[in-house]
Amino acid sequence: MIPFNKPHMSGKELSYIAEAHFNNILAGDGPFTKRCHAWLEARTGSTKVLLTHSCTAALEMAALLLNIQPGDEIIMPSYTFVSTANAFVLRGGVPVFVDIRQDTLNIDEHLIEGAITDRTKAIVPIHYAGVSCEMDTILEIAKRHKIKVVEDAAQGVMSTYKGRSLGSIGDFGAYSFHETKNVISGEGGCLLVNDSTLALLAEIIREKGTNRTQFFRGHVDKYTWQDIGSSFLPGELISAFLWAQLEEAEQITKQRLDIWDEYHKLLEPLENHGLLRRPIIPAHCQHNAHMYYVLLSEELQRDKILHRMKADGIGAIFHYIPLHSSPAGRKFGRASGELTNTDFCAEKIIRLPLWIGISKEQQKQIVSTLEDAIKFN
Ligand SMILES: *Cc1c(COP(=O)(O)O)cnc(C)c1O
């Protein structure tokens, strides 16, 4: 069996965890967390990066920072993970779903303006597969309508748009370090605060609504309850693990890109025969090889093909059930216009195994199994 995912270890995770243990520093914001913050800030250019328990938690922080109130609308694609919407729904927000582009499967920036009402508070672009949305257009629309941009960059660590790190371009960005992403800590994430005037409030929201972070910096002589908040910070053992991964982030990305390129080469003949479509990466987007997917041609039945691949030992999978057609999405959100591309992709996508250590032989086997499954469709 070739699994869909295999978490990659840099090798230093346990020794850094042992170091935190030896030094008796276990709560959050210790030396390893500080190292991770500094590295992420230097790497992305963001004003303030704060580790969280997950990307989901970082998105929830963004919703609190934007002071989302019941009835406020948030524009996003339907083709995304639930947390993109759920973080805002927790504050009473209403997700407004727009369609995605055919090429990148990212939010179609030309449909955003048509979805804006006087209740719209934010746009949440998702950088699908670590390939950037059209941020210049999105920022321009947001500025003109005085609304905020929160980048769901869960899949976008180490990717760039016109040279800028994903997550550092909007008002806020959120990364995920979940086991299934490129750089991992089991569960984990961070919030990128790109507006320096909100950095202090972000620290307060993350520390149970207190100014404890300022207290530890020696900026105040006692700390008190300042605002609403929660406990969003991870403990040091998680940060120690993550530090071992961040040190290797460049290497991890390179190795994943090699695997991605190999799939791209192997699948070219199938695309030329009109059986499927390979991912399209715009020239100004540097991606991080988070995912390799194919979109089957119209007449092929995806579920049959996946079933056959599974029977042949290949852990290929699909996602997402579009949010607008999910039970909670129907209850809490609404669609703006037709979501034709969303529905098509959700029915035709196949994601192939991509993890460090997969061999070229295994990749060949995966592609030939896919080819066979298509022929027997
Ligand atoms: C993985 C993912 C999330 C959630 O990340 P967690 O760290 O598991 O909370 C959110 N949005 C997108 C687009 C994702 O891919």
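**Cysteines and helices in a predicted model**

Tutor: This is a predicted model. C285 is buried, at 5% relative accessibility.

Student: How many disulfides does the structure hold?

Tutor: The count is 0. C55, for instance, is in no disulfide either, and its nearest cysteine sulfur belongs to C190, 8.4 Å away.

Student: And is C55 buried or exposed?

Tutor: C55 is buried, with a relative accessible area of 7%.

Student: Switching to helices. At what angle do α1 and α8 pack?

Tutor: About 145 degrees, with the axes 8 Å apart. Helix α1 covers residues 13-22 and α8 covers residues 236-246.

Student: Left-handed or right-handed crossing?

Tutor: The crossing of α1 and α8 is right-handed.

Student: Which residues make the contact?

Tutor: From α1, they are E13, Y16, I17 and A20. The α8 side has E236, L237, A240, F241, W243, A244 and Q245.

Student: What does that come to by class?

Tutor: The contact has 8 nonpolar residues, 1 polar and 2 charged.

Student: What about α9, how many residues does it have?

Tutor: Helix α9 has 18, residues 249-266. From first C-alpha to last it reaches 26 Å, close to the 26 Å expected at 1.5 Å a residue.

Student: Which α9 residues are buried?

Tutor: Among them are A249, I252, L257, I259, W260 and L266. The charged residues R256 and E262 are also buried.

Methods:
Residues are numbered from 1 along each chain as its sequence is written. This is a predicted model: local features need pLDDT of at least 70, side-chain atom pairs count only at pLDDT 80 or more; totals for chains, interfaces and linings use all residues. Side-chain values use heavy atoms; hydrogens and water are left out. Helices (H or I, at least four residues) and strands (E, at least two) are DSSP runs, numbered from the N terminus. The expected span of a helix is 1.5 Å times one less than its number of residues. Buried means under 20% relative accessible area, exposed over 50%, partly exposed in between (1.4 Å probe, protein chains only). A disulfide is a pair of cysteine sulfur atoms within 2.5 Å. Axes are lines fitted to C-alpha atoms, for helices over the stretch in contact, and angles run from 0 to 180 degrees between N-to-C directions. A crossing is left-handed if the near helix is turned anticlockwise from the far one by less than a right angle, and right-handed if clockwise. Contact means heavy atoms within 4.5 Å.
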